[in-house]
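Visitor: Please guide me through this model by question and answer, with each term given its cut-offs.

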Amino acid sequence: MNNYIVFLLVIAMCSWSSEAWIKENCPINRIMITNQLGGGQVLGYKCSNWLSQNWRGGLSTLNQNRTWEFADVTNRRERTRYECDLWFGARKEFHFDELEIYRAAANPRCNQIRQWAARPDGIWFRRDHDKPLGLVRPWKKR
Ligand SMILES: *[C@@H]1O[C@H](CO)[C@@H](O)[C@H](O)[C@H]1NC(C)=O
């Protein structure tokens, strides 16, 4: 019985200290969308997160970025998530709707970088700056 209580105490202390450690040493995550369309094309965006915060705007110059920085929230009721509508073209004819640009995993992650680059052939993606961008999918056309 006593051993069992000591065991529970040790478990409780370990989980408390690992949580405290994560909070203190968890650099924030960063996601970015980048206009790499070229030719003076403006990338339009309308993004929102799991807290129903909204951002709307346009990236008008080549390599212009829009960045969000945040700490992961993952618990039973909520989970960090960002999604974007993206478009370009005179009639916004090239577009993505509700593209999920970030979703937290079951456990909070730190120091994550996600870059989404809009190019003429579609949306390109990479996880870190030292990895190459890869084509994820072509634009939808209306
Ligand atoms: C956008 O972000 C990328 C990657 O961090 C950087 O290389 C680039 O210089 C940024 N663009 C501008 C216009 O600051």
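Guide: Two strands are said to pair if DSSP finds at least two bridges between them. Strands (E, at least two residues) and helices (H or I, at least four residues) are DSSP runs, numbered from the N terminus. The model is predicted, and local features therefore need pLDDT of at least 70 and side-chain atom pairs pLDDT 80 or more, while totals for chains, interfaces and linings use all residues. Residues are numbered from 1 along each chain as its sequence is written, and side-chain values use heavy atoms, with hydrogens and water left out.

Visitor: Which pattern of helices and strands does the protein chain follow along the sequence?

Guide: The protein chain contains 1 helix and 10 strands. Read along the sequence, these elements give the pattern α-β-β-β-β-β-β-β-β-β-β.

Visitor: What percentage of the residues in the protein chain is buried?

Guide: Buried means under 20% relative accessible area, exposed means over 50%, and partly exposed lies in between (1.4 Å probe, protein chains only). Of the 142 residues in the protein chain, the buried share is 33%.

Visitor: In what order do the strands of the open sheet of 5 strands stand?

Guide: The pairing in this open sheet is antiparallel, and the order is 3-2-5-6-10. Strand 3 and strand 10 (140-141) each have a single partner strand, so one side of each is left without a neighbour in the sheet.

Visitor: Which residue of strand 3 is the bridge partner of Tyr45?

Guide: Strand 2 pairs with strand 3 (residues 54-59) in the antiparallel sense, over 6 bridges. Within this pairing, Leu43 stands opposite Leu59. The bridge partner of Tyr45 in strand 3 is Gly57.

Visitor: Which residue in the turn between strand 2 and strand 3 has a positive phi?

Guide: Strand 2 and strand 3 form a hairpin, with 4 residues between them. A positive phi of about 65° is found in this turn at Ser52.

Visitor: Which residue of strand 5 is the bridge partner of Ser48?

Guide: Strand 2 and strand 5 (residues 81-88) run antiparallel and are joined by 6 bridges. In strand 5, Ser48 has as its bridge partner Glu83.

Visitor: How many of the residues of strand 2 are buried?

Guide: Strand 2 spans residues 43-49 and is largely enclosed by the rest of the structure. Lys46 is found in strand 2 and is partly exposed, because its relative accessible area is 33%. The number of buried residues in strand 2 is 6 of the 7.

Visitor: Which residues gather with Lys46 in a patch of positive charge?

Guide: Patches are made of residues with over 30% relative accessible area and no salt bridge, like charges being joined within 9 Å and nonpolar side chains (Val, Leu, Ile, Met, Phe, Trp, Tyr) within 5 Å. Accessible areas come from the Shrake-Rupley method with a 1.4 Å probe, and for residues only the protein chains shown count as cover. Lys and Arg count as positive and Asp and Glu as negative, without His and the chain ends, and the place of a charge is taken as NZ of Lys, CZ of Arg, CG of Asp or CD of Glu. On the surface, Lys46 is gathered with Arg56, Lys92 and Arg142.

Visitor: How far apart are the closest N and O atoms of Glu69 and Arg30?

Guide: A salt bridge is a side-chain nitrogen of Lys or Arg within 4 Å of a carboxyl oxygen of Asp or Glu, and the structure holds 6 salt bridges. Glu69 lies in strand 4 (residues 65-70) and Arg30 in strand 1 (residues 29-35), so the pair ties together parts that are 39 residues apart in sequence. The closest N and O atoms of Glu69 and Arg30 are separated by 3.1 Å.

Visitor: Which residues are linked with Arg81 in a network of salt bridges?

Guide: The side chains of Glu100 and Arg81 meet in a salt bridge of 2.6 Å, N to O. Glu100 lies in strand 6 (residues 94-103) and Arg81 in strand 5, so this pair ties together parts that are 19 residues apart in sequence. Glu100 is partly exposed at 35% relative accessible area, and Arg81 is partly exposed at 30%. The network links Arg81 with Glu83 and Glu100.
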